[in-house]
Amino acid sequence: MSPTASSQTPGEARHTGLAAYEARFQDGTEVTPEAVAAALTHAADAEPAPAALSGVRLTAVAVGDDRVRVGTGTADPVLPLRLTNPGLAVFSAEAYARNGKVNPVGTATGPFELTRITGDTAAALDCFDDYWGGRAQASGIDAKYVSDGTARANALRTGDVDMAEAIPVAQVASLDQDTVHEIGTARNTSLYLNTRKGVFRDPGLRAAAREAIDTSAVAKGVYEDYAEPAQGLFGPALTWASGRRTEPTGRAEAADAEGRHITVATYDDRPELAETAQVLQQQLEQAGFTVKLEVRTYARLESDLLAGKFDAAVVSRNMMLDTGDPVTVLAGDYSCDGSYNLSFLCDKEVDKLVADAQAESDPARRQDAAMKAEAAVLGTDAVIPLVHLKVVTGVGTSVRDAVLDPYEREFVGTGTRR
């Protein structure tokens, strides 16, 4: 759920003026061009950079009383899409006042004001009556972060929660079917291989891992009817992809695993991932690898994932989450400078094709270029797509107008109520 709403209307691609609404931040200060520019600059300077900014250098300056000029140095056809990403949400100056960290409590502009954060377990939001887009119908939201999928389903079943994200497929049959809402998404589960260090620096061993994996066993045995074997990075929810897909070329010949020891990491916030890792462990061991599994919550795993401490990782990724643009996720996940490059891939041909795709402004040609880059990525065997997913959201029968978002950003809107 994204409780903040930016007071921004993007314009042209290279430099865009953002017309200010008559709005106030939740701390009572005005939404001014200076405040918007400062917030965007803070996001652009963040380390690591927001995924939506992979491959671009964003600048923002106030222009006059009601506009902000945003630049990217070179033409960027999807700049308006980048600005919709929650990582570029606009907060008041107070949010950035302490320790260099962003504090969103009471400093946003959305229909709900974040009033309390309890570590990584809970948050509370109250209806913000002065929201510029109209008062929300719900008086507030109590959010609980429950990593165990069975516990989330049980909480929905007993009425302890009104909505539950990512219901495990094993729990769907036990729920009141009126509460089960299936959403087609661009989410994949994939195996990312560490190309920077360890066993999978060797392209031949990456090829051996790819040949060892039977994706249909994952689709049927783990996800049941809520996934299908992956065809690539971009699945059937993106209807334009299948007609443009080309076969990867230049793949290495599979080498003998010879008992090589590897550690495969994943997280149990989505219980299917741990089950998937167990299936892959069996398949890889049959191919000659010696496999150790590392399973944690995502919060405890992310820093080590980004530091490259594992040989491989089973990760669920919505390929359109960051901007809705396929090229942006290719730049963020597979380019040398990508901020979420879990495979640590740095390949000159991939970078060239991604850059070519980034330069395309025509939507059809941009999609064609994205598929060429996809084929190049797959040709390195840095990532092995496993399944394309559907996601189940649980919504209590008393809830009206819940938001079922294929990008999985939002669950509660101004009209959501019970």
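Analyst: Aspartate 45 and arginine 57 form a salt bridge, with their closest N and O atoms 2.8 Å apart. The term denotes a side-chain nitrogen of Lys or Arg within 4 Å of a carboxyl oxygen of Asp or Glu. Aspartate 45 belongs to helix 1 (residues 33-45) and arginine 57 to the loop between helix 1 and strand 2 (59-63), so the pair ties together parts 12 residues apart in sequence. Helices (H or I, at least four residues) and strands (E, at least two) are DSSP runs, numbered from the N terminus.

User: What conventions apply to the model and its numbering?

Analyst: This is a predicted model, in which local features need pLDDT of at least 70 and side-chain atom pairs count only at pLDDT 80 or more, whereas totals for chains, interfaces and linings use all residues. Residues are numbered from 1 along each chain as its sequence is written, and side-chain values use heavy atoms, with hydrogens and water left out.

User: How many salt bridges does the whole structure contain?

Analyst: A search of the whole structure finds 21 salt bridges. One of them joins arginine 260 to glutamate 258, with the closest N and O atoms 3.9 Å apart. Here arginine 260 is partly exposed at 34% relative accessibility, while glutamate 258 is exposed at 58%. Arginine 365 also forms a salt bridge, with glutamate 360, at a closest N and O separation of 3.3 Å. In that pair arginine 365 has a relative accessible area of 48% and glutamate 360 one of 24%; arginine 365 is partly exposed, as is glutamate 360. Salt bridges may also form a network, and one links Glu294, Arg296, Asp304 and Lys309.

User: Which residues does leucine 233 touch?

Analyst: Contact means heavy atoms within 4.5 Å. Setting aside residues up to four places away in sequence, leucine 233 touches Asn188, Arg245, Met319, Leu330, Tyr334, Glu374, Val377, Leu378, Val383 and Pro385.

User: How is the packing of two helices described, and at what angle do helix 10 and helix 11 pack?

Analyst: Axes are lines fitted to C-alpha atoms, for helices over the stretch in contact, and angles run from 0 to 180 degrees between N-to-C directions. Angles under 35 degrees count as roughly parallel, over 145 as roughly antiparallel, 65 to 115 as roughly perpendicular and the rest as oblique. Helix 10 (residues 348-359) packs with helix 11 at about 170 degrees, their axes 8 Å apart. Helix 10 is therefore roughly antiparallel to helix 11. On the helix 10 side the contact is made by Val350, Leu353, Val354, Ala357 and Gln358, and on the helix 11 side by Arg366, Ala369, Ala370, Lys372, Ala373, Ala376 and Val377.

User: How does helix 9 pack with helix 10, and how many residues of helix 9 are buried?

Analyst: Helix 9 and helix 10 pack at an angle of about 150 degrees, with axes 9 Å apart. This makes helix 9 roughly antiparallel to helix 10. The contact involves Val327, Leu330, Ala331 and Tyr334 of helix 9 and Val350, Asp351, Val354, Ala357 and Gln358 of helix 10. As for burial, helix 9 (residues 326-334) has 9 of its 9 residues buried. They pack against helix 2 (79-82), strand 8 (180-193), strand 12, helix 10, helix 11 and strand 13 (383-395).

Conventions
Buried means under 20% relative accessible area, exposed over 50%, partly exposed in between (1.4 Å probe, protein chains only).
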